[in-house]
Amino acid sequence: MKSRNRSKLIITILFGYIIMQFLWWEVLLVRQTTQISNEQQKLMEITSTDAGSLEKQIADLQHKKQNRIYMIVGEGTVFLLLLLYAFYRIRKASNKEIELVMQQKNFLLSVTHELKTPIAATKLQLQTLLKHKQLNPEQQEQLLTNAVNETNRLNRLIEDVLLANSADKELHLNKEIVNLSELTSETVSNYFPGKNVRSEIEGGISVSADKLLFPSLIINLTENALKYSPENSEVQVSLNKQDGKINLSVSDLGSGIPDKEKQKIFEKFYRVGNEETRKAKGTGLGLYIVQKIVEAHNGRIEVTDNKPNGSIFKISI
Ligand code: ADP
């Protein structure tokens with residue numbers, strides 16, 4: 001049994017035992033009160049000489065017994081409720097803690113992979129260049145371009161980690177009036193050449209935004225759309241303005257996101273599924289950064305299901 005399941009089981013058994021023990025103690029207390037009251041009544045019956053006053057004394061005694069039982073049950077119930085509440089809070093806190101530890105473990109696993117892959121690839125390209133001096137200029141250029149691409153990938157990963165770190169506090173924006181239509185179409189064509197990314201961009205949309213951070217919204221969402229979709233399936237990037245609102249959406253025909261995960265995916269390090277079994281690589285930082293950048297621009301982001309399958313990420317500003 002995994003250690004987190006074991007600790008959950010131990011906490012549940014411990015609380016179960018405390019509650020049973022407590023209920024048993026309450027039953028014993030009620031029994032004891034009834035017994036004492038019965039003994040007192042017997043004593044009264046033996047010692048009393050006046051039948052009228054005996055009846056009154058017995059009625060008093062019964063009344064006291066009832067009050068005492070109410071008190072035991074009342075106080076017991078409050079205590080039990082407090083105990084259950086404490087149990088609920090402890091379970092919740094320990095689940096959160098376990099989730100965090102899992103996410104950090106996943107992050108370490110994925111970031112190690114994400115760092116190793118471009119380094120190994122770059123090393124291979126450069127070693128090939130060193131070993132095979134007779135390569136023609138095109139081949140040399142191809143190897144160098146691959147190495148530069150891998151270095152860019154590494155650079156983006158490190159930028160993501162740094163950005164996520166600063167997004168924890170507050171993102172500092174350098175806002176200026178940006179032609180969003182041009183920025184979006186340039187980002188798509190510069191970052192996704194040769195990919196099946198279709199853009200539907202309304203012209204002339206401008207907004208006050210951070211020119212350096214804004215493209216990372218488009219890059220992150222489009223990269224995800226391609227990563228979580230079958231090879232060559234179409235991704236669509238749309239930009240339009242409606243009722244004074246600017247809408248930027250990225251839709252795909254991929255695996256889609258289950259409803260219960262739709263909010264969680266924006267949490268830092270959160271990735272759907274388990275790192276050891278997951279095929280698509282990543283760090284769980286992308287959507288966290290996207291949400292922070294959107295919020296810093298006073299916008300909102302939502303994710304819905306695409307038809308017949310896949311997801312639509314829509315940013316409105
Ligand atoms: P990463 O892609 O590095 O894992 P993100 O923060 O970008 O991290 O995304 C978090 C998780 O959300 C992903 O691990 C994936 O499970 C899910 N996800 C994001 N975008 C999509 C998408 N377009 N389709 C399906 N799942 C997605």
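This is a predicted model: local features need pLDDT of at least 70, side-chain atom pairs count only at pLDDT 80 or more; totals for chains, interfaces and linings use all residues.
User: Which elements give two or more residues to the shell around the ligand?

Analyst: Those are helix H5 (214-227), helix H6 (286-296) and strand S7 (311-316). H5 has the largest share, with 3 residues. The ligand has 20 residues around it, and Asn 224, Tyr 228, Arg 271, Thr 283 and Leu 287 come nearest. By type, the shell splits into 9 nonpolar, 8 polar and 3 charged residues.

User: Why is Arg 271 called buried?

Analyst: Its relative accessible area is 8%. Buried means under 20%, so Arg 271 is buried. You'll find Arg 271 in the loop between S5 and H6.

User: What makes the Arg 271 and Tyr 228 side chains a polar contact?

Analyst: The distance is 3.2 Å between the two side chains, and the limit is 3.5 Å, so the pair passes on distance. Arg 271 also has a polar side-chain atom 3.4 Å from the backbone oxygen of Gly 282.

User: Is Glu 261 buried or exposed, and how do you know?

Analyst: Buried: Glu 261 has a relative accessible area of 9%, and the cut-off for buried is under 20%. Glu 261 is placed in the loop between S5 and H6, and its side chain makes a polar contact with the side chain of Tyr 270 at 2.4 Å.

User: Why is Phe 269 called buried?

Analyst: Phe 269 comes out at 16% relative accessible area, which is under 20%, so the label is buried. Phe 269 is in the loop between S5 and H6, and has a positive phi of about 70° although it is not a glycine.

User: Why does Asp 243 count as exposed?

Analyst: Asp 243 has 82% relative accessibility, and exposed means over 50%, so it counts as exposed. Its loop joins S4 and S5, a hairpin with 2 residues between the strands. Phi of Asp 243 is near 50°, a positive value in a residue other than glycine.

User: How do you know that S4 pairs with S2 and with S5?

Analyst: Count the bridges. Pairing takes at least two, and S2 (197-201) with S4 (235-242) has 5, so they pair, in the parallel sense. S4 and S5 (245-251) have 7 bridges, so they pair as well, in the antiparallel sense. Take Gln 236 in S4: Arg 198 stands opposite, and in S5 the bridge partner is Ser 251.

User: What makes the Lys 307 to Pro 308 peptide bond cis?

Analyst: Its omega is near 0°. Pro 308 belongs to the loop between strand S6 (300-305) and S7.

Terms used
Residues are numbered from 1 along each chain as its sequence is written. Side-chain values use heavy atoms; hydrogens and water are left out. A residue is near a molecule or strand if one of its heavy atoms lies within 4 Å of it. Helices (H or I, at least four residues) and strands (E, at least two) are DSSP runs, numbered from the N terminus. Ala, Val, Leu, Ile, Met, Phe, Trp, Tyr, Cys and Pro count as nonpolar, Asp, Glu, Lys and Arg as charged, and the others, Gly among them, as polar. Buried means under 20% relative accessible area, exposed over 50%, partly exposed in between (1.4 Å probe, protein chains only). A polar contact is a pair of N or O atoms within 3.5 Å; within protein, one must be able to donate a hydrogen and the other to accept it, and residues adjacent in sequence count only if both atoms are side-chain atoms.
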